[in-house]
Amino acid sequence: MATDRWATFWYALQGHWPRVARALAWLRQDIGNDILMAPLEPILHPSAWRIGWLGALTLVGHPLFGWVWTSWLPQPWESMSLRLAFGGLGVVLLILAAKSNPFALSTQVIFNLVLWSELPFLFSWLYLCNGGNAVWLASAVSMVLIYYQTVDWRIATVGIASGAIIGSLSFNAFGPAAPQILGVSAATNSAVLGFTWCMAIVLGFSTANQRRLHLRRTLTTMGIMAHELRTPLATVSLVSQALRGVAQGADGKTGGAIEPLANRLETLARNMNHQIDTQLVNARMLRLTPHSEPIDVGQLVLQMTEQYPFRNAQERNAIEVHVRQNFVFDSSPALFMQVFENLLKNALAALARADAPLTKGDVAIDIATAGGKGRLTFSDRGVGILPALRHRIFEPFFSSDNHNGHGLGLAFCRRVVKSAGGSIRVHSELGRGASFVIELPLARLRGGSVTVHQCTQATP
C-alpha cells in the first residue's frame, strides 16, 4: 500500500511540478544510486602488495614516531609501550597480505578494524593527550587524508566519527592529565579539522564517482563495438540464404554438402546476434530503463529456454525447469530475460569446464515462493566456484572463468535484480556445482493480495 501511495504522489508531482520531479529524480539517481548506494570498496585498490606495505609501515612507523616524539622532538605526552602495541597490528596486516585473499570478506573486515584502531581511534586519543597542540593537529589532518586513501569514503566517514567519539570517551575515562583545548585553540583546531574532513569526503566520493564514470564509458564503448558487428553478421546471413538457394537447385550430393554449411552459418550469425544483444544490455548496466510491468516468472523462464541458442541437443536436454509455485513480480521482461540467459550461459559454461557428459538435470531451474517472496534458483553440477572468489563474482569485469569471460554478466544480473527490489546470492562448493538464488517481491493486486499460481512442473 505504501508503494501505491508513493506512485500516486510521484505521478502528481510530475504533472504539477515537473522541475521539482526532475530534481528529485536527479538526486535519487546521481546522488542516491550513483554515490551513496554504490557498491562498497572496503579496501581501495586491494592487493596483497598494498596490504603488505601498509603492514610494514605500521610495524615500523609507530615505534619510530614513538622515539621521535619521546627523544628527538618531545611532546607533552607519549607512550612507547602504546606505540609498540599498535605497531604490532602491522604483523596482522602482513599475515593478511601473505595468506589471505584481499577480496575475501574476512580480510576486508580485519583490515578495516586494524586501520580504524590505529588511525581514527589512536590519533584521537593522542591528540587529546597532547592538548591538541600544533604537532598533533597536523598529525590528525594527515590521519584523515591517509584514512580516506585506504578505505571506502563512506566507511572512512563513519570511522572518523566513531573513532573521535570512542577515543574521546576513552580519554575522559582512562586518559592522563592533559591541558584542555579551550578558546581560540579549540575554534582554530575545529575549523582546520572540519575543513580537512569535509574536503576528504568530497574528494572521496568524487574519486569513487570518477571510477564509475570510467566504467560507464568503457561499457558504452563495448556496446558501440558490439552494435557495429551487426553489419558483417547481416552479410553472413545473406550468404547463408544464398547457399541455401544454391543447395536447393543443385543435385542431391552437392546440395547435401552445401545445406549443412548454410545452416551452420545461419546458426553462427544467430548466436553472435544473441551475444551482441547481451553486450548492448550490459553496456546500459549502470542506467537501467525505468519501465516496469507484471512478469509471470514461469512463462518468462520457459520462453527463455525455448529461445536460447544452445550449441547442441545435449545442452538443451540437460535443462530441467521445476515450477513448484509460480509467481508474478514487477520489472522489465527484456532485462530479466537477459538475467536468466546470463545465468543459464554461466551454468552451461561451468558444465563445459567440468568436462563430463551432459545428463538430464545437470542444469535445474526451480521456481517457488518462500517467506512471502518469489524465489528462482539456477543450479548446475559444474566445477563450482572457489570460496575466495565468491565475494567478487558480482563485480564488473571480474570473471571466475580463468579470466576468459568479460566479467559483466553477473554484475548486470545483480543490478537488474536490485532495481526490482530483489536480491541475488550464490551457494557453491568447488567441484560440486553452484546455485544462484534470486528472491523477488511478489506483485500485489489492488486488494493487496499477491499473485501466486498453483504448483506445476515443466521442462523444455
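These legends cover close-up views of a predicted model. Residues are numbered from 1 along each chain as its sequence is written, and side-chain values use heavy atoms, without hydrogens or water. Local features need pLDDT of at least 70, side-chain atom pairs count only at pLDDT 80 or more, and totals for chains, interfaces and linings use all residues.

View A. Rings of Phe, Tyr and Trp (its six-membered ring) pair if their centres lie within 6.5 Å; planes under 30 degrees apart count as stacked, over 60 as edge-to-face and the rest as tilted. The count by this rule is 12 aromatic pairs. Phe-65 and Trp-69 have ring centres 5.7 Å apart and planes at 40°, so this pair is tilted. Helices (H or I, at least four residues) and strands (E, at least two) are DSSP runs, numbered from the N terminus. Trp-69 is buried at 12% relative accessibility, while Phe-65 is partly exposed at 40%. Buried means under 20% relative accessible area, exposed over 50%, partly exposed in between (1.4 Å probe, protein chains only).

**View B. Trp-116 and Phe-121, a stacked pair.** The ring centres lie 5.7 Å apart and the planes meet at 20°. Phe-121 is buried, with a relative accessible area of 18%. Elsewhere, one aromatic cluster is formed by Phe-327, Phe-329, Phe-336, Phe-340 and Phe-378.

**View C. Helices H7 and H8 crossing.** The axes of H7 (residues 134-148) and H8 (residues 153-174) come within 9 Å and cross at roughly 145°. Axes are lines fitted to C-alpha atoms over the stretch in contact, with angles from 0 to 180 degrees between N-to-C directions. H7 contributes Met-143, Val-144, Tyr-147 and Tyr-148 to the contact (heavy atoms within 4.5 Å). Residues from H8 include Trp-153, Ile-155 and Ile-160.

**View D. Helix H15 and the glycine after it.** Among the buried residues of H15 (residues 409-419) are Leu-410, Phe-412, Val-416 and Val-417. Just after H15, Gly-421 takes a positive phi of about 80°.

**View E. The E6-E7 hairpin.** Strands E6 (residues 423-428) and E7 (residues 434-441) pair in the antiparallel sense over 6 bridges. Pairing requires at least two DSSP bridges between the strands. His-427 stands opposite Ser-435 in E7. The covered face of E6 holds Ile-424, Val-426 and Ser-428; the uncovered one holds Ser-423, Arg-425 and His-427. Between the strands lie 5 residues, and Gly-431 in the turn has a positive phi of about 85°.
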